[in-house]
Amino acid sequence: MKRPAIYFSILFSSLLISILIAQSKQLAKPLYEDRIESLYKANLLDKGLALVDSIMPEVKKQKDWRAFAIYEGQYAKILKEQKRYDIAISRLGDDIALLRANGLGDSEYTGSLWVWKAMQYQKLQRFSENLEAYQNAIQCYEKQKSLYKNLAFAYKNIAQVYLRFSDNHLAIKNLEAAMRSDTGKVYFTSICSQLAASYVYMDSITKSEEYFNMIDLDHAGHYAASVFSTGTEIALRKNDIKLAESYALKALDAYMKEPDQIEDIILTYANLAEAFAKRGNITAAKKYFEKAESLWDPFQNEQKSREMAKFYNKFGSFYENLNQREAALHCFQSALIQVFPNFNTEDWHINPSLKDISPESQIAFAAESKARLLLGVANPSLQIRKIAAECYSIALNATDQLRKRSFEEIDKFDMIRESRNWMVMSIENLVEIGKIAPDTSINVRLLQNFELSKSQALRDAINQKSLFDYIPLPDSIRANEKLLRAEIVDYKKNILEENFKGVKPDSVKLNLLNTELFRTEFAYRELIDQLKTEHPAFGAQLAAEPVLNVDSLRASLPDSAAILSFFDTGNRYLLLTTTRKGIELNEIPCDTAFKNLLSGFIQRLSDRSAQENDPERYYQDAWLLYQKLLPAKALAGIRSLTIIPDGALCYLPFEALLTQAYKGSYARAPYLMRAYNVAYNWSAAIPLQAGKGGRGMLQVAPFTNSARDGLAVLPNSRLEADNHIHLQSLTDSAASAAAFSEKSSDYMVLHIATHAQAGGQNLPRVEFFDRSLSAQEIYGLRLNASLVSLSACETGAGKYAGGEGVLSLARAFAAVGARSLVASHWTVNEFSTAQLFKSFYTYLFAGQTKSASLRAAKLAYLDSETPDARKAPFYWAAFTLTGADGKVDFGGGFQWWYLWVALGVIGAVLIIRRIIV
């Protein structure tokens with residue numbers, strides 16, 4: 001070998017050895033780590049704390065931040081063992097501040113300390129801070145791309161917090177992220193178990209079993225207890241009692257090896273008791289419930305526990321099934337004690353205070369169960385009904401708080417659906433209280449409950465949008481919010497398109513899209529949390545739950561106006577008619593005959609042939625429905641109606657009903673709209689505020705001359721506006737989806753004349769010249785419009801979602817800032833639609849209100865020379881106005897008052913100059 005080669009070889013080897021030595025030093029355990037751990041295991045906890053305190057000054061001096069984070073983590077671990085959680089939280093806060101001051105705020109070291117802080121909050125059952133700490137840890141770990149194990153740990157733990165808040169879908173997203181991050185499969189068993197448990201909570205047993213079956217039960221190791229507890233829950237749901245009992249015993253055996261897990265042991269006994277109860281062995285079941293309760297006796301005076309509330313709810317349900325009412329009430333009262341920090345009264349006649357309610361599902365379950373028991377006796381007294389009414393208020397308020405903090409709309413819908421029956425029971429109980437002890441305040445409470453139970457997710461979306469409009473925020477925040485929102489919409493659109501493309505989705509592509517969507521949604525949640533912290537007005541308004549001020553509402557009504565609020569209880573419709581004079585309650589029985597009448601009429605409205613061939617049937621049903629739905633006495637002297645529908649009534653355009661018996665032509669029929677001006681709203685509690693900056697009118701007509709993909713040309717879709725209206729038109733190729741998205745926020749009125757679909761086999765969408773705009777993309781817009789006219793088919797149609805109403809395209813536009821909408825209930829006729837909107841804008845430009853303009857346009861159509869068969873309600877009744885009524889200030893054109901202001905300014909200047917001279 002030549003000498004230079006030998007020298008190079010030696011040099012290279014030396015360099016390699018140096019790197020390995022440096023790396024080994026870097027990865028080596030800090031000097032005292034094992035010593036501190038041995039003191040912890042020997043229960044010499046104070047000595048462990050003293051050792052960390054003695055070495056920390058030198059560690060800080062050397063700026064050995066890796067050792068610093070490890071030692072401080074051990075310190076927190078010892079404090080946690082000593083139940084000195086507040087001290088640990090304070091010290092960890094100082095530690096994190098020190099790391100930030102040294103430029104390590106996003107490091108893995110800071111992430112590990114956030115995890116320790118989260119654990120302390122969990123022990124204190126301060127779950128909001130627990131959630132925030134894990135979010136901060138994840139933010140640190142996400143920026144350190146190699147920390148997959150740490151990231152998986154944080155994701156799976158934060159999922160447990162989301163489950164406590166009933167954010168089930170969000171919990172699953174985090175568990176799926178944990179699964180993706182856990183490349184070494186360190187937490188595979190734990191993640192699968194949690195995924196299975198999450199799907200149990202959502203009653204998706206098939207999906208739950210899918211994940212549970214992925215677990216190697218013989219090698220569950222440290223997670224055996226939680227794995228077998230999940231197995232017990234699945235088996236109980238499947239009524240496989242023998243398997244449930246087997247899993248419960250195995251879980252109990254595993255938990256007994258960790259005696260500090262007392263709450264988990266208690267819940268396992270409860271699961272075992274439920275298994276015996278389902279098998280009919282009531283004696284054994286009761287024995288296990290009582291055994292579980294006795295385990296908590298040594299702790300009950302020291303602390304309260306959300307898990308014990310869960311236990312008492314299970315125990316109460318056991319007694320309820322046995323018809324042991326007093327014992328069940330005691331259990332549900334005990335559950336409430338566990339979840340209200342300042343409430344300790346075992347007397348079930350007394351309820352916790354509404355002001356102490358927190359977002360907790362166990363509160364809702366206990367309070368609703370207690371109310372149900374109280375009302376389950378024959379002829380409950382007025383006192384019992386009032387206690388039950390308080391319980392329902394507690395349950396519904398707790399659910400509202402859970403809903404408001406939820407980011408996933410699907411989780412919001414789940415909560416709304418689950419609480420709907422509670423709202424029905426609450427309202428029916430209030431009705432009975434009003435019958436026993438008539439009081440005008442009952443109708444006020446009923447109206448508040450009616451309206452606050454409707455369109456809650458829509459109300460949240462409108463509220464958040466309005467905050468970005470009206471609360472002063474830095475431009476950088478607004479820009480970041482806009483960018484993140486656009487990215488979320490784009491990822492969701494691509495995921496939907498991949499799933500709906502008609503062939504098997506590309507699993508690799510879907511996985512990548514879901515990963516990026518998850519990270520972007522996480523960043524958006526972080527931004528909202530940042531706003532809550534840094535801008536208190538934003539956080540306070542976001543958390544505020546509006547209480548409908550009924551006195552103000554009534555005072556705002558003209559003498560000739562009424563609000564008709566419907567509520568569907570299942571066996572009847574309740575109707576509250578609100579006027580300046582007062583509130584009147586009417587009950588509309590909803591038997592099979594009425595349901596058939598209503599559904600048949602709604603179906604006939606969209607059936608052109610049925611109306612043309614059998615007008616007599618139409619007139620008969622329209623007159624009969626009017627008599628059943630609208631109280632003539634309450635509407636005496638009324639000329640203007642705002643209808644807030646519920647249930648199947650959401651699909652009914654009331655103006656097509658007849659106010660008297662009739663035979664004759666469609667043109668002269670006594671439709672409701674001849675006697676009343678009619679508008680609709682999702683809820684009187686929705687703050688429909690117009691955004692800032694909108695002016696003039698934008699009309700979009702993509703298919704005036706040609707159309708794509710088999711869509712029909714719409715030659716009559718373009719409007720002509722008066723000269724004084726600031727109007728921009730996007731027609732044909734100019735009417736692209738991108739152009740609309742870019743310009744839509746600048747206008748006071750949007751008129752979209754195109755094709756649309758409510759869903760069915762395809763995604764809900766609005767068609768533009770180049771492509772469709774899905775409902776998901778519409779939710780990504782931000783509008784400042786006083787009015788959006790959707791001159792297209794089915795824009796007000798869609799799936800009914802309980803108290804949330806119809807999930808239509810119109811609802812999507814309302815969620816992003818449209819103050820009111822004109823939308824269609826069915827597939828409409830192009831010619832009559834064009835005639836209707838031409839008249840509508842003529843009246844609107846002339847200064848009439850939106851509802852008056854739409855009414856006048858419909859009446860003008862009936863008075864036109866169109867053949868009578870084409871004046872059937874099919875041709876004109878599909879379009880209704882929903883949202884805030886009133887006149888529209890189009891702006892943008894020449895206004896004479898500008899001249900007077902200018903002349904005034906000139907005159908003032910001349911006067912001032914003369915004074916100065």
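**Chat: aromatic pairs and a helix contact**

Q: Hi! How many aromatic pairs does the structure hold?
A: There are 37 aromatic pairs, where rings of Phe, Tyr and Trp (its six-membered ring) pair if their centres lie within 6.5 Å. This is a predicted model, where local features need pLDDT of at least 70 and side-chain atom pairs count only at pLDDT 80 or more, while totals for chains, interfaces and linings use all residues. Residues are numbered from 1 along each chain as its sequence is written, and side-chain values use heavy atoms, leaving out hydrogens and water.

Q: Nice. Why is the pair of Trp-65 and Phe-68 edge-to-face?
A: Their ring planes are at 85 degrees, with the centres 5.5 Å apart, so the pair is edge-to-face (planes over 60 degrees apart; under 30 is stacked, the rest tilted).

Q: And is Phe-68 buried or exposed?
A: Phe-68 is buried, at 1% relative accessible area (buried means under 20%, exposed over 50%, partly exposed in between, with a 1.4 Å probe and protein chains only). Trp-65 is buried too, at 11%.

Q: Which residues form one aromatic cluster?
A: Phe-289, Phe-311, Tyr-312, Phe-315, Phe-318 and Tyr-319.

Q: Switching topic: which residues of H16 meet H18?
A: Arg-306, Ala-309, Lys-310, Asn-313, Ser-317 and Glu-320, in contact meaning heavy atoms within 4.5 Å. On the H18 side, the residues include Phe-365 and Leu-373.

Q: At what angle do H16 and H18 pack?
A: About 25 degrees, with their axes 9 Å apart; axes are lines fitted to C-alpha atoms over the stretch in contact, and angles run from 0 to 180 degrees between N-to-C directions. H16 covers residues 306–321 and H18 residues 361–374; helices are DSSP runs (H or I, at least four residues), numbered from the N terminus.

Definitions and conventions:
Helix = DSSP H or I, 4+ residues; strand = E, 2+ residues; numbered from the N terminus.
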